[in-house]
Amino acid sequence: MFPSLFLSFHLLILPLFPQPDFLPRASAAGGKWDVLLSDIGVSAMHMQLLNNDRVVIFDRTDFGSSNISLPAGKCRNDPNDTSSTVDCTAHSVEYDVASNTVRPLTVQTDTWCSSGAVAPDGSLVQTGGYNDGDHAVRTYRPCNDSSCDWQEINPGLIKRRWYSTNHILPDGKQIIIGGRRQFGFEFYPKISPADYKSYNLSFLVQTNDPLIENNLYPFVFLNTDGNLFIFANNRAILFNYSNRVVVKTYPIIPGGDPRSYPSSGSAVLLPLKNNSGAEVLVCGGAPKDSYVNATNGIFLPALDTCGRIRINDPNPQWVVETMPGPRVMGDMVLLPNGNVLIINGARSGTAGWEYGRDPVLSPVIYRPDKLIWTRFEVQNSSTTPRMYHSTAILLRDGRVLVGGNNPHAYYNFTGVLFPTDLTLEAFSPSYLDSKFANSRPVIVTSVSPSVIGYGQELTIGFTIASGRVNGYLVKVTMVAPSFTTHSFSMNQRLLVLSGGNVTASLDNNTYQIRVITPGSGILAPSGYYLLFVVYQEIPSEGIWVQIK
C-alpha cells in the first residue's frame, strides 16, 4: 500500500472508459522561433534553470568587458585575471522567464568551461573553470527578489577542474569527473575524509587522444542500478564509483570516431519507463582528425550518425541511426513528452576557436518510440547561427531557451565570420501550436512546488478544454532540469511515472490520474523536478515538485 498525496482540488470521481483516438497528434513538422531579448549582456556559454523559473547564465571573466554593467558602480578586482584586472561589467546574469528581463550577477573568478549541478535544496553548485577559478566552487541560492548572487569557496576542489562533468548522486553529493589533464574524479560537498581526496580513473587515460584529447566533458548518466555510465571519446564503461571498479566495458561506437569534446557530439539518457531498461543515445560529433585539420583551415564534414545502446543488456550493442544531416556542437534536450530535440551546431569543423563552419539552423525532433526509420523529423529553421559556446534548455512552459555562440577568444561583434551573439531565443515545439490548445492538459493544483516522497501514490488533477479524453493516452513525466554547456546537458533526466489510472469528474472536462513516484534516489536523485501531464504528446505546463 503506497502513501497517497493529492496534487489536486477535491473532485467527484466517476469511472472513465476508453474512447477512440480522435484528436490530431502533434507530429507535423514545424515549431516556432521567437527572439526574446536582443542583448542579454553576456554570451550564454552555460545555462541552468532554477525552481523559481529563473535561469542563471554565464560565460567567462577573461572575455574582456561584457555588454552589461555590474550594479551600483561595483567592479571586480582580480589581479590574476588574464584580461581585465579591474572589470566593472558582469559575466553572469539571471534571466527571469516571467518578466523576460535580466539582471547582472557577480562572479569573482574565471568560470570558463566549467561545470555544475543543482543540489537537493535547489541551489546551483558550480565548479571549476580556468586560471584562478579552476579550484573554485560557486553556489547560487535562488530567491524571488534581487538579493541573491554568487558565493564562492576558493579553493573548494582538490584538483583543477576545467572541461569536467558533474553528476548528482543518490546521496545528494556531486561527483566531478575528468577535465583537461585530469584523469580522475572527486566529490562535493566535502563532508567525510574520503571527500578530501581525488581518485584515479584509468578510463580517462585510455580515451585521451594525444594533443587533441577528445575525452573532455564526458557524457555521464546515473544508471538504474546505481552505477555510472561514462562515455568518453568513442567508448563507454559502467563504473561503480563507490568501490572504484569498472563493472562493464561497452563496445566502441561503430565507426570509431570520437563524440566527446572537442569532437563534441551530444548525448541523452532516454526516458526511463517502468521496467523498460536504460538506454543512451549519442548523436553527432566530428571525425578524429577534424580538430587537427581545422587548425590548418580544413573543415571536415561532421558526423551524421547516432548510436543507441541498452546499457543493462547482458550483451549490449550499439544500434546506429542516421540523422537528416551532419551535426557537431549540437545540443540534445529532453522534451516533456519524451521526445528529444536536437538543436544548434555546425555541419563541418569542430569545437574550438574559429573551428566551426556551416551552421545547422534547423532543429530535429527524435521520437525514440517510433520505428527506427521514422524517428527523425526536421523542424523550422532559425536565422541565428548557434555553434561553439551555445546552449539550449527546457523551460517550465515547454519552450526551449536557446542562446550563445561565441567562437572567439574575446567578444567580437564585427569583421568576423560568426560574430559573438548575445541574443536569447525561444524555440516552441509544435505541441505548443494553437491548433492543439483544446487538447493541452492544464494541471489543477494549489501548490507549486509540492514536496513528494519516493514510492508514493500521487493523484494529479487536470483539465482538457475539449472535454474528451482517451485515458490510455495520458501519462505523467518528471524532468530534471540540466546544467548545459559545450553540447552536454548534465543531470538531464526524464522519468515516465508508472500507474496512469485516469478517472473523470461530473463536468466531463476535469480528470484525475493516479501515478507512483520513483522508488528511490537511484532512479531520481533528490531535488527539484518539473512534473508534466502529457496527452497524445501534448504536455501541460509543468509544475515544480521536490522529491526527497
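Student: Leaving aside its neighbours within four places in sequence, which residues is Asp209 in contact with?

Tutor: In this predicted model, Asp209 is in contact with Asn214, Asn233 and Lys288. Asp209 itself is in the loop between helix 1 (202-206) and strand 18 (219-222).

Student: Why does Asp209 have no salt bridge?

Tutor: The nearest side chain of opposite charge, Lys288, is 4.1 Å away. A salt bridge needs a side-chain nitrogen of Lys or Arg within 4 Å of a carboxyl oxygen, so the buried Asp209 has none.

Student: What makes the link between the side chains of Asp209 and Asn214 a polar contact?

Tutor: The distance is 3.1 Å, and the cut-off is within 3.5 Å for a pair of N or O atoms, one able to donate a hydrogen and the other to accept it. The side chain of Asn233 also makes a polar contact with that of Asp209, at 3.1 Å.

Student: Why is the pair of Tyr163 and Tyr217 called edge-to-face?

Tutor: Their ring centres are 5.6 Å apart, and rings pair if their centres lie within 6.5 Å. The angle between the planes is 65°; over 60 degrees counts as edge-to-face, so the name applies. Both Tyr163 and Tyr217 are buried.

Student: Which parts does the pair of Tyr163 and Tyr217 tie together?

Tutor: Tyr163 lies in the loop between strand 13 (151-153) and strand 14 (165-168), and Tyr217 in the loop between helix 1 and strand 18, so the pair ties together parts that are 54 residues apart in sequence.

Technical notes. Residues numbered from 1 in each chain as written. Predicted model: local features only at pLDDT ≥ 70, side-chain atom pairs only at ≥ 80, totals over all residues. Heavy atoms only, no water. Helix = DSSP H or I, 4+ residues; strand = E, 2+ residues; numbered from the N terminus. Buried < 20%, exposed > 50% of the residue type's maximum accessible area, 1.4 Å probe, protein only. Lys, Arg positive; Asp, Glu negative; His and termini not counted. Contact = heavy atoms within 4.5 Å. Phe/Tyr/Trp six-rings, centres within 6.5 Å; stacked < 30°, edge-to-face > 60°.
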